[in-house]
Amino acid sequence: ANACRLSFEYRQCGGLYANPVIPLDCPDPGVLYDGKGYVLTCTSGDAPDAYPIYTSPDLANWTLVGHVFPSGHWPAWAVSDYWAPEIHAVGGHYVVYYSARGSDGMLAVGAASATSPTGPFTDMGAPLVHDASMGHIDASEINASDGTSYVLWKDDGNAVGQPTPI
C-alpha cells in the first residue's frame, strides 16, 4: 500500500476551475471577446427571458447581466424555440444572430442590434432568413480574408428527412 498522493497548484490562465462553469442548462453557447472580457449567450428554449447574457473576465467565472430579449420584449415575428444565439461585433455596434420559430411554424434566423454587447438589443422586425418549406438554424458570422462579412446558417433538413447544407 504505497499510496502516492498527487497535489499541485496551477496558476496560469486563472488557475483551476470546476465544470460546468455555468451550472445551468445553457446549450449552444456563443462567446464573444469584446476587448475587455467575454460575453456569452445561449439557447433558452421557451423561457420568458430569451437568451441569457453572461460576462466573464476569464472564461471560468460568469455573471448573469441580462437577456437579449427580456420577458415581454420578444421579437414580434417569433413565438417559440429561441435557439443558438451568437453576439458579434459588426462595425461600431453588436449584432446577435439567433434562431426562433415563427408564427408559421418554421424556424428562421433573426438578428437584433445594440450599441453594447450586453444590450439592450432591438430586433430588426422580421426574420433575416426564412423559408416556408425549410427551417433555418445556427447562424454565425464569418469574415473573409478580404474583409467581407458573411452570415452562415444551416438548413434544418434533418428535422424533415432532407440534407442539411450550410
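Guide: What follows is a short talk through the sheet, the core, some backbone angles and the surface. This is a predicted model, in which local features need pLDDT of at least 70 and side-chain atom pairs count only at pLDDT 80 or more, while totals for chains, interfaces and linings use all residues. Residues are numbered from 1 along each chain as its sequence is written, and side-chain values use heavy atoms, with hydrogens and water left out.

Visitor: What is the strand order in the open sheet of 4 strands?

Guide: The order is 5-6-7-8, with antiparallel pairing; strands here are DSSP runs of E with at least two residues, numbered from the N terminus, and two strands pair if DSSP finds at least two bridges between them. Strand 5 (78-90) and strand 8 (122-123) are the edge strands, each pairing on one side only.

Visitor: And how many bridges are there between strand 6 and strand 7?

Guide: Strand 6 (residues 93-102) and strand 7 (residues 107-114) pair over 8 bridges in the antiparallel sense, and V96 stands opposite A112 in strand 7.

Visitor: Switching to the inside, which residues have the most contacts within the largest nonpolar core?

Guide: They are Y51, V68, F69, I87 and F121, in a core of 19 residues. A nonpolar core is a set of buried Ala, Val, Leu, Ile, Met, Phe, Trp, Tyr and Cys residues joined through side-chain atoms within 4.5 Å, where buried means under 20% relative accessible area, exposed over 50% and partly exposed in between (1.4 Å probe, protein chains only). The largest share of this core, 4 residues, comes from strand 6.

Visitor: Where is Y51, then?

Guide: Y51 is in strand 3, and with a relative accessible area of 0% it is buried. Y51 also has a positive phi of about 60° although it is not a glycine. Leaving aside neighbours within four places in sequence, the residues in contact with Y51 (heavy atoms within 4.5 Å) include T41, Y82, W83 and Y98.

Visitor: What does strand 3 form with strand 4?

Guide: The two form a hairpin with 6 residues between them, and 5 bridges join these antiparallel strands. Y54 has L64 in strand 4 as its bridge partner. L59 in the turn has a positive phi of about 70°, and L59 is partly exposed at a relative accessible area of 40%.

Visitor: Which residues does the cis peptide bond join?

Guide: That bond joins G119 and P120, with omega about 5°, and P120 lies in the loop between strand 7 and strand 8.

Visitor: Last one: is I166 buried or exposed?

Guide: I166 counts as exposed because its relative accessibility is 76%, and I166 lies in the segment after strand 10 (149-155).
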